[in-house]
Amino acid sequence: MSERPDPYAVLDSDERAFWADAVADAVESRAGSEPIVIKGGVSPSGVPHIGHANEILRGAIVAAVLRDRGHEVRQVFTADDRDRLRSIPRTLADLDGNLVGLGEVDAGALGRNLGKPYTDIPDPFGCCDSYGEHFTRLLKQETEKLGVDVEFVSNTALYEDGSFEDVTRHVLANRAQAREVLTAYQEKIDDEYVPFFARCESCGQLTETITDVDIDAGTVSYRCTDAEAGDDTIEGCGHEGTTGLRDGKLPWRFEWPAQWKVLDVDFEPFGKDHAEGSWPSGVDIAETVVDVEPPVGMVYEWFTLDGDALSSSAGNIVTVGEVLEILEPEVVRYFFSKAPLKQRDFSIETVDQLVDEFDAFERRYFGETDADDHQRELAERAYPTVVDEIREERIRIPYTFAAVLGMTDDPEQREAIARREGHIPDNASAWAVADALERVERASEWARRTDNAFNYELKRAEIPETDFDEATGRALDELAAFVEAGHDGDEIQSRIFEIAEEYGIDVGDFFGAGYRLLFDDTEGPKLGPFLAKLDAEFVVGRLRRER
């Protein structure tokens, strides 16, 4: 077997600016016949969220690099749907991605099915054949929204059609060796341990109490006993029976290497949680028990959502569909193209900063902004892996300005303002203009969802009715002249306070005058920075009560 790169070190290369190039080098040195197989996998335990895109998109980025080098690549993702349901999630989702609470489905039915494989549990929404199929379909739909071509494979199907049977038989035939290897990684491995879960023919639960193995017959005998699920216990029914190798499953530490063998896997990215446990044991089991060369592994760091861990069971999630309502797919893919081992936070509140970062990254690719050699090379290598099509004439309206445009409903006015402010050039093609203005709807949704400074109705069409005293009118004219001179948001904010004092106006009343002119309201966002984000011609005219 060839030397296997370390799953951390595989990302390091003095010769490569982009991590995916370094990984592709390692995969090329390992791979034999084509297609090169890239795999990921997840247990369909609940609502798929943006964290599940981690290994899908990181795998897709490496696949893009390999395809660019002329290789045939197959990207597969296993639904580990013969795993047991260990707990009831707090939040579920229908096939349209709408999140629902347990009170909106038959949660009692889920409780009665704890310990059973996901594909044996009825779909709580009644639209799919099983709980497992429902949430696998959701994940597949989310992946398609990202524009990634992934082949989904059901573990249950691999057991039922016999794909796993030979490797399962081999593991059980060498169970003494399997016990010896596993002892180094897992406690409570005694002389009676058998690496197999049987599905109880009486209650349907998966039990790990195996009392006998008949390799020639391809059967195992079992007793249905209690199973630990975190701090809880799932009670077994006590039934004793015999079942075939297709009617159960291997434990995860053996199932993962079995997948590598059955699917002929060359590369698999995985989270840091697997790096210290499942990966070392999987490698050892693959080489010692399953007799397969492990794939190239790559560790990635999990990211947080607004500072907290993503968790389907705890309900702290955001789905890919929800994210794509506020971000273009290429921005999401860009987020996952960044260095895998750096911990990051995905914040809905500050996605405008992520979009600005992507826009600068895109400009570096096209040589439109200054960059050092490393930044330029990184953009040259990474940018083609995150966009559907490279088109230099594409236009990106700044995200917060797009949010400003979203404060008016008139599409023609949006385009006119963007053109007047120089964000759409005169020679822009129709498709580029339409593409650019799509960001407005996403930025508007972001403003609504976060209830930020742009979640107001800007009264552009006509000036709200106002009745300012002479001092306030002259103060507004003074502020208009200051804005017209081209000052930034912080400078405008400071000048508002100064003008109010100079004209003897209560500063709160002066801010209120601005809000009435803009929103026909008495409150609004921080006024100085907000005025700086609006088109100056409009602001000056409105402060002067001209239009």
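The model is predicted, and a search of the whole structure finds 42 salt bridges. Side chains of opposite charge can pair when their charged atoms come close.

**Salt bridges between distant parts of the chain**

- Arg-30 and Asp-266 form a salt bridge through their side chains, with an N to O distance of 2.6 Å; the partners lie 236 residues apart, Arg-30 in helix H1 (residues 19-30) and Asp-266 in the loop between helix H8 (252-263) and strand S14 (267-271). Both Arg-30 and Asp-266 are buried.
- Arg-420 and Asp-535 also meet in a salt bridge, at 2.8 Å from N to O, and this pair links helix H16 (residues 411-420), which holds Arg-420, to the loop between H21 and helix H22 (536-543), which holds Asp-535, across 115 residues. Arg-420 is partly exposed, at 39% relative accessibility, whereas Asp-535 is buried with a relative accessible area of 0%.

**A salt bridge within one helix**

- The side chains of Lys-145 and Glu-142 are joined by a salt bridge of 3.0 Å, N to O, and because the two are 3 residues apart in helix H4 (residues 131-145), about one helical turn separates them.
- Lys-145 counts as partly exposed at 39% relative accessibility, while Glu-142, at 6% relative accessible area, is buried.

**Surface charge**

- A patch of negative charge on the surface brings together Glu-462, Glu-465, Asp-520, Asp-521 and Glu-523; of these, Asp-520 is placed in the loop between helix H20 (507-519) and helix H21 (527-533).

Methods. Residues numbered from 1 in each chain as written. Predicted model: local features only at pLDDT ≥ 70, side-chain atom pairs only at ≥ 80, totals over all residues. Heavy atoms only, no water. Patch = residues over 30% accessible without salt bridge, like charges linked within 9 Å, V, L, I, M, F, W, Y side chains within 5 Å. Areas by Shrake-Rupley, 256 points an atom, 1.4 Å probe, with all protein chains shown as cover. Salt bridge = Lys/Arg side-chain N within 4 Å of Asp/Glu carboxyl O. Lys, Arg positive; Asp, Glu negative; His and termini not counted. Charge placed at Lys NZ, Arg CZ, Asp CG, Glu CD. Helix = DSSP H or I, 4+ residues; strand = E, 2+ residues; numbered from the N terminus. Buried < 20%, exposed > 50% of the residue type's maximum accessible area, 1.4 Å probe, protein only.
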